[in-house]
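Student: Please take me closely through one part of this model, and then set it in its wider surroundings.

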Amino acid sequence: MRRASTYLEQQREQIAAKEGNAAAKEWYENALKQRERYLRAVADREFGKYADKKAEYVAEKLLEVIGTSTARYEDLPRDHSPIAGLNRFEWGQVLAIIERHRDEIAARYVERFTMSRGAKDLRIYLTYLLRFPQYAEIGKLEFYIPRLRLAQRNLEGIADAIEAEQERRKGA
Amino acid sequence: MNREEFDALSREVIDYQARLSEWQRHGRGGTTLGEMIDSGALAEGFVRLVSDPSYEQREVRRKLKRWFGDPEQEWEYSRPGGMLYNIYDVCINLVGGSSEDYVPDPLAASPAELGARAGRVLTERKARTRIERLRETARQAGKLADDYEKRLDEERAIRPIR
């Protein structure tokens, strides 16, 4: 909101410099009215969508901020609600939605590492490279080895963790 | 047009296509692709190409550069090089990335956390397939690293660096 009004003020100053203060004032008032109308329309649409989904609405808004700014999930408090309109139970629901969202994103990354076209290509090319280890440039092997080991560690770590989680779910 | 008529027409059209193609070739010289395939020259050429060690060497180096980057050309493909670090590709080496580099939230987590999160969502059957594929790729990467280490040791034994 502040950024938009700053932008409008900048525009008003430019118009005032070109066409005078009266024209700038008229333009600014119209622009404010238009902005009000737009914000009301957005609020109406969101109300229609989230009227009976309080936790979903807050979670959606927080995910939007985390996705587009330097804020991180760790910045959200666990023990109390930072929003006056939400009690602790409702805040718990918000956190649960956010956690589920994070789990789904993690699963999407696992899909990318295993089932995507790129992952299939990686397996094909590793098979190819394994047939001809003698053709790699000797001077670059020290560069490739740590990268291969890192990939191996990461892949095994993810596989172990998925397995452990599946075991835990079976046991629960 | 009944079926017999259609088949007859189809045969005539195919014959004409062949004649037309031949006429074009004789009018302009050269060899048609069909003739090359029929003679086996194309297949022989491919076999010759792929059995050439310099071709294999070029391909191996190109693939290594594409997937793992190049120490001499760090700017290529993506920082710090290679598709395994490309956020729009199989970015497995970005998992557990340091806070100095920008990595999206799920990748900033350790492999254990990422896997645990995914494990909560995946069904048992899906998880089984994913685990198999992750282990298979890990095994391949490990084997390649072993081979390269072995080769490096052999090279060092032959020409010790003083």
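Tutor: Let's start with helix 5 of chain A and helix 4 of chain B, which make a left-handed crossing (the near helix is turned anticlockwise from the far one by less than a right angle; clockwise would be right-handed). Keep in mind that this is a predicted model, in which local features need pLDDT of at least 70, side-chain atom pairs count only at pLDDT 80 or more, and totals for chains, interfaces and linings use all residues. Residues are numbered from 1 along each chain as its sequence is written, while chains are lettered from A and ligands numbered from 1 in the order in which they are written.

The partners are residues 117-131 of chain A and residues 53-68 of chain B, whose axes come within 10 Å and cross at roughly 140° (axes are fitted to C-alpha atoms over the stretch in contact, with angles from 0 to 180 degrees between N-to-C directions). Helix 5 of chain A and helix 4 of chain B are therefore oblique to each other (under 35 degrees is roughly parallel, over 145 roughly antiparallel, 65 to 115 roughly perpendicular, the rest oblique). On the chain A side, L122(A), Y125(A), Y128(A) and L129(A) make the contact, and they meet V60(B), K63(B), L64(B) and W67(B) of chain B (contact: C-beta atoms, placed from the backbone, within 7 Å).

Now the chains themselves. Chain A has 6 helices and 0 strands, chain B 7 helices and 0 strands (DSSP runs numbered from the N terminus: helices H or I, at least four residues; strands E, at least two). The C-alpha trace of chain A spans about 80 × 50 × 25 Å along its principal axes. In chain A, 46% of contacts between residues at least 6 apart in sequence join residues at least 24 apart. For chain B, residues 24 or more positions apart account for 0% of the contacts with a separation of 6 or more.

Technical notes:
Contact = placed C-beta atoms within 7 Å.
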